[in-house]
Amino acid sequence: MNLKTIFKRLILLDLLLFILIVVAAFYPSAEVENFNKYFESEFSNSFLIIIGVLQLIYLINLFLLYKFKSIGKKIYLILFIVLWVLSLLVPPHATDSWLYVLEGLGLTISGAILVFLYFTPIKKEFDK
């Protein structure tokens, strides 16, 4: 199979996982809700706004990567690092096991996209 096709499918799979994670975050189980209420791990409004803006930029960046725009390659690495660092600042909270698996798959796909961007012939497509 063509590397461009595989790369584009990874981008689409990342988009699908992003949507699933966002939807799943709004439907936690009763046990998770009780745990999170008990520990009251509230997020500040400014932190939520920053995460929301970065997630919007992430979605736009997926489109740029899908179209092989050179700016998308640079933004993706920066967003990956920034979102990873911000995830370390999130207060403790519980998630459902299937949401945990989806987040793990999302990180795996992000790693695969980074490998494609910097270590395969796909990187030449972004230099055009």
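How are α1 and α5 oriented to each other? In this predicted model, α1 and α5 are roughly antiparallel to each other, a term used for angles over 145 degrees, with those under 35 counted as roughly parallel, 65 to 115 as roughly perpendicular and the rest as oblique.

## Basis of the description

The model is predicted, and local features need pLDDT of at least 70, side-chain atom pairs count only at pLDDT 80 or more, and totals for chains, interfaces and linings use all residues. Residues are numbered from 1 along each chain as its sequence is written, and side-chain values use heavy atoms, with hydrogens and water left out.

## Overall architecture

The protein chain contains five helices and zero strands, arranged along the sequence in the pattern α-α-α-α-α. Helices (H or I, at least four residues) and strands (E, at least two) are DSSP runs numbered from the N terminus. The C-alpha trace of the protein chain spans about 55 × 30 × 20 Å along its principal axes.

## Helix α1 against α5

Helix α1 covers residues 3-25 and helix α5 residues 97-119; their axes come within 9 Å and cross at roughly 150 degrees. Axes are lines fitted to C-alpha atoms, for helices over the stretch in contact, with angles from 0 to 180 degrees between N-to-C directions. The crossing of α1 with α5 is left-handed, that is, the near helix is turned anticlockwise from the far one by less than a right angle, whereas clockwise would be right-handed.

Contact (heavy atoms within 4.5 Å) involves residues of α1 including Leu3, Phe7, Asp14 and Ala25, and residues of α5 including Trp98, Glu103, Gly106 and Leu117. By class, this contact of α1 with α5 has 20 nonpolar, two polar and two charged residues. Here Ala, Val, Leu, Ile, Met, Phe, Trp, Tyr, Cys and Pro count as nonpolar, Asp, Glu, Lys and Arg as charged, and the others, Gly among them, as polar.

## Helix α1 against α3

The axes of α1 and α3 come within 9 Å and cross at roughly 160 degrees. That angle makes α1 roughly antiparallel to α3. The crossing of α1 with α3 is left-handed. In the contact, Phe7, Lys8, Ile11, Leu12, Asp14, Leu15 and Phe18 of α1 meet Gln55, Tyr58, Leu59, Leu62, Leu65 and Tyr66 of α3. These residues divide into ten nonpolar, one polar and two charged.

Leucine 64 also belongs to helix α3. Leaving aside residues up to four places away in sequence, leucine 64 touches Lys69, Ile71, Gly72 and Ile75.

## Helix α4 against α5

The axes of α4 and α5 come within 11 Å and cross at roughly 145 degrees, in a left-handed crossing. Lys73, Lys74, Tyr76, Leu77 and Phe80 in α4 meet Leu107, Ser110, Ile113, Leu114, Leu117 and Tyr118 in α5. The contact of α4 with α5 comprises eight nonpolar, one polar and two charged residues.

## The largest pocket

The largest pocket has a volume of about 1800 Å³. A pocket is an open set of points on a 1 Å grid over the protein atoms alone, where a 1.4 Å probe fits, with protein on both sides within 12 Å along at least five of seven lines; lining residues have an atom within 4 Å of a point. Grid points are joined across faces, edges and corners, and a volume is the space filled by probe spheres set on the points.

The lining has 41 residues, of which Ile21, Ala25, Gln55, His93 and Glu103 lie nearest the centre of the pocket. The elements giving two or more residues to this lining are α1, α2 (30-39), α3 (45-66), α4 (70-88) and α5. By class, the lining residues of the largest pocket are 24 nonpolar, ten polar and seven charged.
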